[in-house]
Amino acid sequence: MKKIDIKMSDISILVSAMLWGTVGIFSRKLFSLGFSTTQTVAVRAFFTVLVMLIYILITDAKAIKIKLRDVWMFIGTGICSFMFFNVCYMNSIAENSLSVACILMYTSPFWVCLLSFFFFKDKITVFGFLSLCVCFAGCVMVCGSSSIHITKMGLIYGILSGFGYALYSIFGKVASKCYPSKTVIFYTFLFALIGILPFCRAPELVTLLRDGEGMLYSFGMALVNTILPYILYTYGLSKTSAGKASVISIIEPVAASLVGLIAFKEKIGLIGICGMALVVIGLAFYEKSGKKKLTDRQL
């Protein structure tokens, strides 16, 4: 049974990353309708909270209860991770080229492995670290085919976005041991919504949502890019290490590139295709490294 659980956790994390990779379909449409970046984050959080609240009340009302002493976990996943990451990432995009912003964001697996080593005592083998480097190199190739532009502040924002992205794996790992994934998702986005509301120009946002198309795409983003992937990822975190989950999720830019190719006719090129292959190879080697004996040399 243990082998089946681990395999299913890997699949759930992989699927969650692929769903996150489709966010461009919804976000680009919302931007075209006049939504700002903070407003897009706000509606994503709002509809996630609304849907999860209804779902919890119908299926298991007791899941809405949490202990007051555990609130810090959800401040961590909601404000310190989701809100902080999104703000830094949007600023990174504004300062840098999109490819650079994406590359800097995917320093997150390195942060997760480092934080997991100190907080969860997760072991890092040399083989596993090299596999992670192969994944990151593939990510650079996938994202870096366009012209490179980077500023000093853009570099800072980009690195912080990777750190914020990594924090969900750390706080989420702790929360998933105490609460079911639906509870973790609900409170994560409730705190994210509370944190982002003062910055999203609420009256203007209400006007934008009166348009049926804006409402539809906002709900779609909440369901496809938030609720489903976060439930799957949180489930995966409860069954495997935070470091491994973060490395598997590096498949996201590959999924995003494929969405760009299919939905927006964006070119990938030979370098991008080779980068995708490297990411897949790196993930395969990392999976193999996780099965090696604990007597392997550690970093």
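**Aromatic pairs**

Analyst: The structure holds 18 aromatic pairs. Rings of Phe, Tyr and Trp (its six-membered ring) pair if their centres lie within 6.5 Å; planes under 30 degrees apart count as stacked, over 60 as edge-to-face and the rest as tilted. This is a predicted model, in which local features need pLDDT of at least 70 and side-chain atom pairs count only at pLDDT 80 or more, while totals for chains, interfaces and linings use all residues. Residues are numbered from 1 along each chain as its sequence is written, and side-chain values use heavy atoms, with hydrogens and water left out.

User: How is the pair of Phe74 and Tyr179 arranged?

Analyst: A pair of aromatic rings is described by the distance of the centres and the angle of the planes. For Phe74 and Tyr179 the centres are 5.7 Å apart and the planes stand at 55 degrees, which is a tilted pair. Phe74 belongs to helix α4 (residues 71-95) and Tyr179 to the loop between α8 (152-178) and α9, so the pair ties together parts that are 105 residues apart in sequence. Helices (H or I, at least four residues) and strands (E, at least two) are DSSP runs, numbered from the N terminus.

User: Are Phe74 and Tyr179 buried or exposed?

Analyst: Buried means under 20% relative accessible area, exposed over 50%, and partly exposed in between (1.4 Å probe, protein chains only). Both Phe74 and Tyr179 are buried. Ring pairs also link Trp20, Phe82, Tyr168, Phe189, Tyr230 and Tyr233 into a cluster.

User: Which residues is Lys182 in contact with?

Analyst: Contact means heavy atoms within 4.5 Å. Leaving aside neighbours within four places in sequence, Lys182 is in contact with Met52, Tyr55, Ile56, Thr59, Asp60 and Ala63. Lys182 lies in helix α9 (residues 181-196) and counts as buried because its relative accessibility is 17%.

User: What do the totals for the protein chain say about its secondary structure?

Analyst: The protein chain has 14 helices and 0 strands. Of its 299 residues, 49% count as buried. Among contacts between residues at least 6 apart in sequence, 89% join residues at least 24 apart.

User: Where does Leu50 lie, and is Leu50 buried or partly exposed?

Analyst: Leu50 is in helix α3 (residues 37-59). Leu50 counts as partly exposed because its relative accessibility is 37%.
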